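Hi,

Here is the structure I said I'd pass on.

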Amino acid sequence: MSESIIKFDKVVKRFGSLTVIDELDFEVKRGEKVTIIGPSGSGKSTVLRILMTLESISDGVVWIGDEPLWHEQKNGSMVPASEAHLRKMRGQLGMVFQQFNLFPHMTVLRNITEAPVRVGKLSKAEAKDRAEELLQMVGLSDQANKYPHQLSGGQQQRVGIARALAMRPKIMLFDEPTSALDPELVGEVLNVIGQLAEEHDLTMLLVTHEMRFAREVSDRVCFFDRGKIKEEAAPDELFTNPKEERTREFLKAVLEEK
Ligand SMILES: Nc1ncnc2c1ncn2[C@@H]1O[C@H](COP(=O)(O)OP(=O)(O)OP(=O)(O)O)[C@@H](O)[C@H]1O
């Protein structure tokens, strides 16, 4: 078994008196593609936001490889991470959001080159070469000089994927990347993510409501309920033979919705 690249060790996240993540133990192996499914409010997005350092934790430890994410090890004990540590750790992850979040006043090309030039210290020429390669990969080579509002939602989301990949992350996080799209645009985005999963040894963690896609793309599916993993299994097993009553109810409800 290969080593884990993400590890949640008894992680708790509270918002006031509401416990959103409840002593969660969760591991992802290097190169693994893992999908998180579950009811609204079960904490799925929070897991991704904690990993992207957008949300802090209340208790427990999150590990990225052999380093703690929200802590630093000093003289043998764990202390809260400094901003510099968080920044360094965040560089290993890329995230694609539900609402694209592109910079509206920048062209597609500039959206993709901005972070590699400013944060990654690439030259403008190197960043442009990398952006052009990525635009080709997501099928948008001819849109480089457009602005986000001139693109369809599906195209914007493909730019979002290229932008996240431009920093060469080890781990890609996808937070319901198709849920803001019109149904006819969902396929083009899922195709790009599927291709990425197939052709690269990136570690991928996805939150999605697209059950068929989850089944196709993942090595493992985790069903979340109230801040914990209620059940996890290979997709064929989880979708055809769920063990837990709660998983069965959820799958029945979402599959009937379609
Ligand atoms: N910043 C916040 N302040 C207070 N409560 C929050 C905050 N962010 C999330 N929550 C609450 O935490 C719970 C889990 O939210 P989260 O977005 O992780 O759920 P989810 O499983 O991704 O749901 P969905 O499928 O609807 O996106 C919800 O009850 C939500 O209202």
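**What I found**

Helices (H or I, at least four residues) and strands (E, at least two) are DSSP runs, numbered from the N terminus. Contact means heavy atoms within 4.5 Å, and axes are lines fitted to C-alpha atoms (for helices over the stretch in contact), with angles from 0 to 180 degrees between N-to-C directions.

Before you go further: this is a predicted model, so to speak of local features I needed pLDDT of at least 70, side-chain atom pairs count only at pLDDT 80 or more, and totals for chains, interfaces and linings use all residues. Residues are numbered from 1 along each chain as its sequence is written, and side-chain values use heavy atoms, with hydrogens and water left out.

I call two strands paired if DSSP finds at least two bridges between them.

Two pairings to look at here:

- β9 (residues 171-175) and β10 (residues 203-207) run parallel and are joined by five bridges; Met-172 has Met-204 as its bridge partner in β10.
- β11 and β12 run antiparallel, again with five bridges, and Phe-224 stands opposite Ile-229 in β12. They form a hairpin with two residues between them, and Arg-226 in the turn has a positive phi of about 50 degrees.

**The four-stranded sheet**

There is also an open antiparallel sheet in the order β2-β1-β4-β5. β2 and β5 (67-68) are its edges with a single partner strand each, so one side of each has no neighbour in the sheet. Five bridges join β1 (residues 4-15) to β4 (residues 59-64), and Val-12 has Asp-59 as its bridge partner in β4. Helix α1 packs on this sheet, touching β1, β2 and β4, and its direction makes about 115 degrees with that of β1.

**The ligand**

Which residues are closest to the ligand? They are Ser-40, Gly-41, Lys-44, Ser-45 and Thr-46, out of 13 that surround it (a heavy atom within 4 Å). By class, that shell has four nonpolar, seven polar and two charged residues. Here Ala, Val, Leu, Ile, Met, Phe, Trp, Tyr, Cys and Pro count as nonpolar, Asp, Glu, Lys and Arg as charged, and the others, Gly among them, as polar.

- 2.6 Å to an N or O atom in the side chain of Ser-40
- 2.8 Å to a polar backbone atom of Ser-45
- 3.3 Å to an N or O atom in the side chain of Glu-176

The elements giving two or more residues to the shell are β2 (18-29) and α1 (44-51), and α1 gives the most, with three.

Cheers

Technical notes: Near = heavy atom within 4 Å. Polar contact = N/O pair within 3.5 Å; in protein donor to acceptor, adjacent residues only side chain to side chain.
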